[in-house]
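Here's a quick briefing for anyone opening this structure for the first time. Have a look around, then come back for the tour.

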Amino acid sequence: MKVYLILFTFLLSSCSLAIKRATRLNNEVKTQHYHCDAIIVPGVPLKGGIWDSTMKARVMWSVYLYKQKITSNIIYSGAAVYTPFYEAIAMGLYTQKLGVPKEHIFYDTLARHSTENVFYSYKLAQQLGFKSIALATDPFQSVILKAFTRRRFMSNIQHIPVDFAVLPTLQHTDPFIDSMTAFKPNFTSIVKEENLVTRLMGTFGKQIDFGPDEMLGPL
């Protein structure tokens, strides 16, 4: 029982620190009038053809950053990992319903792990000629990816985590999307393709080939 209590206390403290960090980073973005060419938004599984609270939060936050002119474009990243829907495409469909023009939405449908979300989106940003990018995701995932974004990429990746003080003030709607647009035929869940250890290795970026320099070049 004591072990579970210690673990719960640790997780609660970590979440609290992550939320405080998100508030601080967002205050810096506002005071410095920060703007980037694109934000990277990691994918979330589309379950039963509709978004859950986590996908909704990430999508609404990315739309907010676009409408506040903090970013000019949005890169959604995510393959069909746990469900037969491309996560990136599903998020993009919701984003268009919320008023972001489709020409400002880009997709990476290769990433199967959070580190790969950043890696493949960074490569896409290079191809598109973007010169400044940021990571816009949940506060806790932002903390987890902090060291990865600092050490493995030659260009800076700003973090703009979801601010849970701002999110409730936004207009909440549940638009309808044609989920079959994001459907992947002949889908196989990652759970059947990779065991737990392999998936954990992927989460820590061990399946990414950075090349001999072990860093991705500048934007």
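In which loop is Ser-132 found? Ser-132 sits in the loop between helix 4 (114–128) and strand 4 (133–135). Keep in mind that this is a predicted model.

- Ser-132 counts as partly exposed because its relative accessible area is 24%, and the cut-off for buried is under 20%.
- Setting aside neighbours within four places in sequence, Ser-132 is in contact with His-35, Cys-36, Asp-37, Ala-38 and Leu-219.
- Ser-132 and Glu-87 are 45 residues apart along the chain, and 24 Å separates their C-alpha atoms.
- Ser-189 belongs to another loop, the one between strand 5 (157–159) and helix 6 (190–193).
- Is Ser-189 buried or exposed? Its relative accessibility is 15%, so Ser-189 counts as buried.
- Again leaving out neighbours within four places in sequence, Ser-189 is in contact with Val-81 and Tyr-82.

**A parallel strand pair**
- Strand 2 (residues 74–77) and strand 3 (residues 105–108) run parallel, and four bridges join them.
- If you'd like a landmark here, Ile-74 has Ile-105 as its bridge partner in strand 3.
- To get from strand 2 to strand 3, the chain goes through helix 3 (residues 87–97), making a right-handed β-α-β crossover.

**The nonpolar cores**
- The largest nonpolar core is made of 38 residues. Those with the most contacts inside it are Ile-39, Met-55, Val-59, Trp-61, Leu-65, Tyr-76 and Ile-160.
- Strand 1 (38–42), helix 2 (53–67), strand 2 and helix 3 are the elements that give two or more residues to this core.
- Helix 2 provides the largest share of this core, with nine residues.

**A helix with a bend**
- Helix 5 (residues 139–151) has 13 residues and reaches 19 Å from its first C-alpha to its last, close to the expected 18 Å.
- Where does helix 5 bend? The bend is at Leu-145, and the angle is about 45°.
- Leu-145 is buried, and so are Pro-139, Gln-141, Ser-142, Phe-148 and Thr-149 in helix 5.

Notes: Residues numbered from 1 in each chain as written. Predicted model: local features only at pLDDT ≥ 70, side-chain atom pairs only at ≥ 80, totals over all residues. Heavy atoms only, no water. Pairing = 2+ DSSP bridges. Right-handed = clockwise from strand over helix to strand, strands pointing away. Buried < 20%, exposed > 50% of the residue type's maximum accessible area, 1.4 Å probe, protein only. Contact = heavy atoms within 4.5 Å. Core = buried A, V, L, I, M, F, W, Y, C linked by side-chain atoms within 4.5 Å. Expected span 1.5 Å × (residues − 1). Bend = angle between axes of the 7 residues up to and from the residue.
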